[in-house]
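Q: I am new to this structure and would like to learn how its features are read. Please take me through them one at a time.

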Amino acid sequence: MLRALLGLGVVVGCEEVLIDPIPVATVQVVPDSAALFVGDSVQLEARLFDDIDEPVGGRPVTWTSNDPELAAVDAGGLVVGVGAGTTQVRATAEGQSGSASIVILRHPQIALDRSSVAFSAVEGSSDPPPVAVAITNAGDSTLANLSVVVIYDDGVGPWLEAALDTTVAPAVLTLTARTGVLEPAGYAAAVEVSDPAAINSPVTVDAVFQVQQSVPVAPSGLEVTGVAASSIELAWSDNSDNEAELRVERQADGEAAFSPLTTLGAGSMSYVDNSVNQDRRYGYRVRACNGAGCSPYSNQATATTSPFAPSGLTAQAASASQVDLSWVDNSATETEIRVERRVVGGSFTRTATLGPNVTTHRDTTVQPETDYEYRLQACNDDGCSTFSGTAAVTTPPVPIPGAPTSLTAATVSRTRIDLAWTDNSAEETGFEVERRGPGENQFTLLAAVAADTVTYSDTTVAEDGTYVYRVRACGSGGCSEYSNNASATTPPSAPTNLTAVVVSASRIDLSWFESSATETSFQVERRVVGGSYTRIATPGADVTQFSDTGVTIDTEYEYRVRACNGSGCSDYSNEA
């Protein structure tokens, strides 16, 4: 009872006696630790004790926080969480202190790595790629009851799928847009991510889906269905059901690129181009378009308007079997020129088909003494021009060919003589070659050769003979005069029976038999046995002996002889 009264004024008898209070020995904070979320509070109590652990009351207590930015405490010990972390809150009385450990936690909070997603696809196409949204806890404690719900802004759904891989953060939210049968338009939805423990639940991810109109399918089978001088007709297959228009493009020869020609309404499958020029080539292509764009182009189709007709046709008879035509080519697009002919009073028929840009033609199928008319037509792959004017001509009678001239005869070998001449006729059908041989009094036909031939080789001759030739040209009108005569002599026959007789130490006599009638000389050759022959004499025609006085005593010699004329030399005689 006395310790309880210490520090109080007590009346003893008639006087008040002041008794000193018992000092505070320890301070205890209850609870000595606490955990709270930011913004939440906890009430602490300070208990005072003396040195024998008896409670002490009625003493003032001061409360302080080691880090007011984490925890704030008022004079009554009420602690409020300010920021996440750990700190100490202290109670002090009469110089004694006690403390409590305070842990301040952040409230669980849903955090997303994105707040919106956007999808894009073409109507009727495959779904766009899914989008992943990462979910984390931006606070303390745990998020273990995550859930998602999709809310469609315009009420059109379901086109968006939202799936969590787990209900505990961290988690992944996968959003998938389904194209399905959505019409081209813009769609919007909100995906709410919720967790009862989160201070910010629910959190929204905005999703938009733009479904674009599909590009039309390209037209096909573009073809030219008609061509005239000033128009080209086109047709194609329309393969799309969503085009707004069809665009036709054209490219003319000489132009670097296609250019727009016309725009047609949806479903069009033909067009007539009336803006073309004659004698020009055009290419076409078509594509379908709508608000989403244009299809690829169709195949290309080409057409060429009809050519301009040739003009200035002339016909001239070059011979009884040939008419020469010439004209002016007025077209840049023809692929051929057609020549037609008729006997006057008859019907035209085609006699020739010529290539492009040709301006002359030689008709060698005509008959003599006949009246003809000609006309021309230029054509390309898509049509023909009108006919040119006609040209008339009369062929002359068949003439007798002109006689060949400048006939020459050249000996090539003992058994061959080559002839050559000048052909002076265009009407011959061939040549007749005639020959007169040795001892013959008249010419006989040797060979008949083709027209335009100007050479012939006679391989039926024999050595040591002179042959005379003449040539004439022959045709349907008869044969010409003969050419000049040309002669040639074959090389002589070889001498025979050569003998060599020693007359003295410085002379050897030779003799031989003459076998030729055409030689102009002989060639006598000698060699020392084992050496090479050299010519030692050239006796004249008809000589049959020779004396060699240039020999050396006591030497062995060999001799040979051959006959020669202007065409060459014979073989050698025997050796002696």
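Q: Which residue lies over the face of tyrosine 482?
A: A charge sits over a ring if NZ of Lys or CZ of Arg is within 6 Å of the ring centre and within 35 degrees of the ring normal. Here arginine 470 lies over the face of tyrosine 482, at 3.7 Å from the ring centre. Likewise, arginine 375 lies over the face of phenylalanine 348, at 4.2 Å from the ring centre. The model is predicted: local features need pLDDT of at least 70 and side-chain atom pairs pLDDT 80 or more, while totals for chains, interfaces and linings use all residues. Residues are numbered from 1 along each chain as its sequence is written, and side-chain values use heavy atoms, leaving out hydrogens and water.

Q: How many aromatic pairs does the structure hold?
A: A pair of aromatic rings is described by the distance of the centres and the angle of the planes. Rings of Phe, Tyr and Trp (its six-membered ring) pair if their centres lie within 6.5 Å; planes under 30 degrees apart are stacked, over 60 edge-to-face, and the rest tilted. The structure holds 8 such pairs. One of them joins phenylalanine 119 and phenylalanine 209 edge-to-face, with 6.3 Å centre to centre and 80° between the planes. This pair links distant parts of the chain, 90 residues apart: phenylalanine 119 is in strand E14 (residues 116-122) and phenylalanine 209 in strand E20 (residues 203-212). Strands (E, at least two residues) are DSSP runs, numbered from the N terminus. Ring pairs also link Phe119, Tyr152, Trp159, Tyr187 and Phe209 into a cluster.

Q: Is phenylalanine 209 buried or exposed?
A: Buried means under 20% relative accessible area, exposed over 50%, and partly exposed in between (1.4 Å probe, protein chains only). Phenylalanine 209 is buried, at 1%, and phenylalanine 119 is buried, at 4%.

Q: In which sense do strand E11 and strand E12 pair?
A: Strands of a sheet pair through backbone hydrogen bonds, either parallel or antiparallel. Two strands count as paired if DSSP finds at least two bridges between them. Strand E11 (residues 85-93) and strand E12 (residues 96-105) pair in the antiparallel sense over 9 bridges. Arginine 90 stands opposite serine 99 in E12. An open sheet of 4 strands runs in the order E4-E12-E11-E8, with mixed pairing. Its edge strands, E4 (33-37) and E8 (62-65), each pair on one side only.

Q: Where is arginine 59 found?
A: Arginine 59 is in the loop between strand E7 (55-56) and E8. Arginine 59 counts as buried, at 18% relative accessibility.
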